[in-house]
Amino acid sequence: MVNPLQEEKVFKDPVHKYIYVQDQTIWDLINTREFQRLRRVRQLGTCFLTFHGAEHSRFSHSLGVYEVTRKIISQFERNQYEDWPRHERLLCLCAALLHDVGHGPFSHSIEKTFGTHHEAWSCRIVLGDTEVNQVLRQVAPDFPQKVADVIAKTYNREIVVSLVSSQLDADRMDYLLRDAYYTGVNYGTFDLERILRVMRPYQGHIVVKESGMHAVEDYLMSRYQMYWQVYFHPVTRSAEIVLHKIFQRAKQLYEEQYRFRFLLPPLLGLFEQKLTVEEYHLLDEAFMQTVFMQWTYEEDAILSDLCSRFLERRLFKYVTLDRIDTGLLDKLRGEMKRVGIDPAYYVEIDFPSDLSYDIYRPGEEDEKLPILLLDPKETLTEISRKSEIVRSISGIHMGKYHLYYPAEFTLNHGAELDADLRRLLQL
């Protein structure tokens, strides 16, 4: 059941200029408590500690993904493409809007520590006893399950899934432009309108006209640059590591039955991995930062220190390494332990392969549908087979190891270290 709004609603947006809402279902979803919660979750996690403008939310990003999807579908419908399933329009728009509704505070760090996954939570919210579910059920009793299937990438029509989750999807196109805007960098800019004009539904796939290949090359280069210059910025990763260590320490203390001075019910559910949807709704970044503030007064010195570091931006120092020397690392950990620093919480090796963001590597990401070019003879070819630029950047592995540790360790004890350790820490 499609229920158009009596009067079109418009959001002013710094990236897309305007976001247009034409369906009552979309408007009702935006006004649910679960979707409004996304205002309280940052899009870029700890990136605000590196790029001070990166305060934008999952709410604005989700609206942006909806708008890009709406533009793609409008273009398909204007051109009356036979391969486009018109009756799936509302399903695509709802899945685009709700794809991130399950993101938690600093979600990638929480997921890493507690084994949760935002897509699974998005599906639980869509299918659970929620306002989102009530709105979706007004369309049809089975509509929530269809939306969850699209988010989980199990829906039986590839063309629908690929609008929200593929190598050239509405999600990526919005977050690149939005993240570039709010971080103040130029790397993530590309010609969105040109890409939308050359996208086509064809034989069950979303494809790109071969004449639009250069616009897609520009998009992929933007992804490549944003990956290395923003998403994997070593200072941001330092903040991520401190955050992960906070969760790791709190989890260990809970398992050891430590008596916390401050521990509210949603955290109990998180520690025990028994969170209800209602408890999950309470987990936002304002809540977690309040928890961190209270934990600075905990008797456990490690938890208190790590929380203070995060709140006051006293992050770990880093050095860049070409390779890992396990003998020297063990030696460093031993020295730290000797002076009373627990290396389990104050030394970390980081490498970009663990990042949630990714560059285009055809054939390596089975869960992401590749970018297909459609030539004048109606032959489909994966883009890296025709583009030297894409082939070049997809083959580059320029990641380096970063060793993170507290700056005060070398300030207080650097002179005592032997030559090998001083060389490792580049002193």
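Predicted model: local features only at pLDDT ≥ 70, side-chain atom pairs only at ≥ 80, totals over all residues.
Residues are numbered from 1 along each chain as its sequence is written, and side-chain values use heavy atoms, with hydrogens and water left out.

**Salt bridges**

Side chains of opposite charge can pair when their charged atoms come close. Here a salt bridge means a side-chain nitrogen of Lys or Arg within 4 Å of a carboxyl oxygen of Asp or Glu. How many salt bridges does a search of the whole structure find? The count is 28. Here are some of them:

| Pair | N to O distance |
|---|---|
| Aspartate 13 and arginine 178 | 3.1 Å |
| Glutamate 348 and lysine 245 | 2.6 Å |
| Lysine 400 and aspartate 322 | 2.7 Å |

Let's take the pairs in turn, starting with the salt bridge between aspartate 13 and arginine 178. Aspartate 13 sits in strand E1 (residues 4-13) and arginine 178 in helix H10 (residues 170-183), so this pair ties together parts that are 165 residues apart in sequence. (Helices, H or I with at least four residues, and strands, E with at least two, are DSSP runs numbered from the N terminus.) Both aspartate 13 and arginine 178 are buried. Buried means under 20% relative accessible area, exposed means over 50%, and partly exposed is in between, using a 1.4 Å probe and protein chains only.

Next comes the salt bridge of glutamate 348 with lysine 245. Glutamate 348 belongs to strand E6 (residues 348-350) and lysine 245 to helix H13 (residues 234-255), so the pair links parts 103 residues apart in sequence. Lysine 245 is buried, at a relative accessible area of 3%.

Then there is the salt bridge between lysine 400 and aspartate 322. Lysine 400 is in the loop between helix H20 (388-394) and strand E9 (401-405), and aspartate 322 is in the loop between strand E5 (317-321) and helix H18 (326-338), so parts 78 residues apart in sequence get tied together. Lysine 400 is partly exposed at 39% relative accessible area, and aspartate 322 counts as exposed at 63%.

**Strand E4 and its partners**

Two strands pair if DSSP finds at least two bridges between them. Strand E3 (residues 199-202) and E4 pair in the antiparallel sense over four bridges, with arginine 200 opposite valine 207 in E4. E3 and E4 form a hairpin with two residues between them, and glutamine 203 in the turn has a positive phi of about 50 degrees. Parallel or antiparallel: which sense do E4 and E7 pair in? They pair in the parallel sense, over two bridges, and valine 208 stands opposite leucine 373 in E7.

Strand E4 (residues 205-209) also holds lysine 209, which is partly exposed at 34% relative accessibility.

**Two positive phi angles in loops**

Glutamine 257 isn't a glycine, yet it has a positive phi of about 60 degrees. Glutamine 257 lies in the loop between H13 and helix H14 (265-271) and is exposed, with a relative accessible area of 69%. Glutamate 378, also not a glycine, has a positive phi of about 65 degrees. Glutamate 378 is in the loop between strand E7 (372-374) and strand E8 (380-382), and at 52% relative accessibility it counts as exposed.
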